[in-house]
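Please look at the model before reading on.

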Amino acid sequence: MRRKLLLLLETGLVLAGLLLGASAWMIHSALEQPLNITQEELLDVPKGSTPTRTFLSLETDGVIKDAFWLRVYWRFNLAGTPIHSGEYRMQPGMTVNGLIDLWKRGDVVQYSLTLVEGWNYHQVRAALAKDEKLTQTLNGLSDSDVMAKIGHKGLFPEGRFFPDTYRFVRGMSDAELLKKAFERLDEVLANEWEKRSADAPYSEPYQALIMASLVEKETGVPQERGQIAGVFVRRMALGMQLQTDPTVIYGLGDRYTGKLTRAHLKEPTAYNTYVIPGLPPTPIAMVGREAIHAALNPVEGSSRYFVARGDGSHVFSDDLDAHNSAVREFQLKRRADYRSSPAPTATPEAAAPAEETIPAASPDTAPEALPQVPAEEPAPTPAPEAAAPQNAQ
């Protein structure tokens with residue numbers, strides 16, 4: 001009897017060994033099998049997906065075989081290891097083991113979206129809505145609803161986002177990316193505020209952000225930003241109106257068709273700095289770090305006027321006579337190749353696609369009323385020469 005029991009035990013151990021060996025061989029074969037694809041394909045793993053569901057899906061699509069043994073392998077070797085959602089790049093010749101390595105590393109395909117310096121908020125929303133790889137959650141929402149959705153209810157959105165290239169994976173929502181841009185702007189502004197000039201004339205960072213947006217829209221020449229900020233700061237200190245055309249254009253909204261008239265300069269809007277004293281009530285565009293730094297560190301000097309040369313740079317003048325002379329030279333006798341911004345460095349062929357990607361308006365949303373100018377103390381009476389525009393762009 002005892003011999004029979006020992007024989008049965010030995011037989012069981014042998015069978016168990018054979019079974020384990022066969023299982024190990026099946027698992028090894030399943031892991032080392034090449035993916036059944038002939039060209040690069042993207043595997044989309046939605047949020048909440050499990051390895052079991054993903055293996056079964058791949059088997060159903062004919063990409064792999066033996067999903068059962070792969071599930072066994074994951075259960076006994078990678079239990080508790082999450083599979084990151086996103087897209088994975090499957091290449092011809094890749095094995096299942098190679099694909100699993102991508103999952104373990106979370107090596108998902110990343111995309112990018114660039115928010116451009118000088119864009120307004122509606123252009124930002126249009127860019128987000130145009131990107132099919134983002135999950136769209138903002139279409140149809142008002143601007144104030146969008147700000148509430150990203151956790152900043154009651155804030156006016158213009159200028160609140162940082163222009164940069166943001167990387168994301170398929171499935172990220174437009175709201176998530178917009179929130180990242182908001183937080184990035186807060187971070188940069190706080191950092192630059194700590195390094196501001198001792199005589200920077202702002203009581204809070206938001207005022208500097210407004211000034212930075214004027215600097216951003218007035219020049220694309222990096223070395224001039226500090227000079228532009230210096231002119232604006234000196235004009236404010238003297239009680240002169242800022243008289244900058246981009247604020248007039250922003251206040252006109254959709255009514256601006258590309259040509260600024262004298263009637264526009266006289267039209268009272270919340271943003272027309274030919275009419276209102278001091279800064280406009282909000283930023284008028286997104287700003288980069290350089291513009292923020294310039295606003296917080298204006299270049300010292302005596303110039304109070306500037307006018308565009310037509311090549312993207314400006315002529316700075318200390319007095320009205322010199323300014324009017326520059327206006328006659330560079331504005332009243334414009335060359336055929338006149339430009340308000342620097343010429344692109346790329347060839348026209350290379351530059352054309354970039355121009356096409358710039359959105360022009362916010363999708364599916366009715367424009368909301370712009371905030372009114374808060375009550376301010378009357379500005380000091382300006383010197384007689386301050387009545388003329390600082391720039392005639």
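## Helix 2 against helix 3

A crossing is right-handed if the near helix is turned clockwise from the far one by less than a right angle, and left-handed if anticlockwise. In this predicted model, helix 2 and helix 3 cross in the right-handed sense. Helix 2 spans residues 51–60 and helix 3 spans residues 67–77. The two pack at an angle of about 160°, and their axes lie 9 Å apart. Angles over 145 degrees count as roughly antiparallel, so helix 2 is roughly antiparallel to helix 3.

Helix 2 contributes Pro51, Thr52, Phe55, Leu56 and Glu59 to the contact. Helix 3 contributes Ala67, Leu70, Arg71 and Trp74. By class, the contact has six nonpolar, one polar and two charged residues.

## Gln33

Gln33 sits in the loop between helix 1 (2–32) and strand 1 (41–45). Is Gln33 buried or exposed? Its relative accessibility is 10%, so Gln33 counts as buried.

The Gln33 side chain reaches the backbone oxygen of Lys65 at 2.7 Å. Neighbours within four places in sequence aside, Gln33 is in contact with Ile64, Lys65, Leu70, Met94, Thr95 and Val96. Leu70 also belongs to the contact of helix 3 with helix 2.

## Arg184

Arg184 lies in helix 7, residues 174–194. Arg184 is partly exposed, at a relative accessible area of 26%. A polar contact of 3.2 Å joins its side chain to that of Glu187.

Leaving aside neighbours within four places in sequence, Arg184 is in contact with Phe162, Asp164, Tyr166 and Arg289. Arg160 is 24 residues away from Arg184 along the chain, and their C-alpha atoms are separated by 9.4 Å.

Technical notes
Residues are numbered from 1 along each chain as its sequence is written. This is a predicted model: local features need pLDDT of at least 70, side-chain atom pairs count only at pLDDT 80 or more; totals for chains, interfaces and linings use all residues. Side-chain values use heavy atoms; hydrogens and water are left out. Axes are lines fitted to C-alpha atoms, for helices over the stretch in contact, and angles run from 0 to 180 degrees between N-to-C directions. Helices (H or I, at least four residues) and strands (E, at least two) are DSSP runs, numbered from the N terminus. Angles under 35 degrees count as roughly parallel, over 145 as roughly antiparallel, 65 to 115 as roughly perpendicular and the rest as oblique. Contact means heavy atoms within 4.5 Å. Ala, Val, Leu, Ile, Met, Phe, Trp, Tyr, Cys and Pro count as nonpolar, Asp, Glu, Lys and Arg as charged, and the others, Gly among them, as polar. Buried means under 20% relative accessible area, exposed over 50%, partly exposed in between (1.4 Å probe, protein chains only). A polar contact is a pair of N or O atoms within 3.5 Å; within protein, one must be able to donate a hydrogen and the other to accept it, and residues adjacent in sequence count only if both atoms are side-chain atoms.
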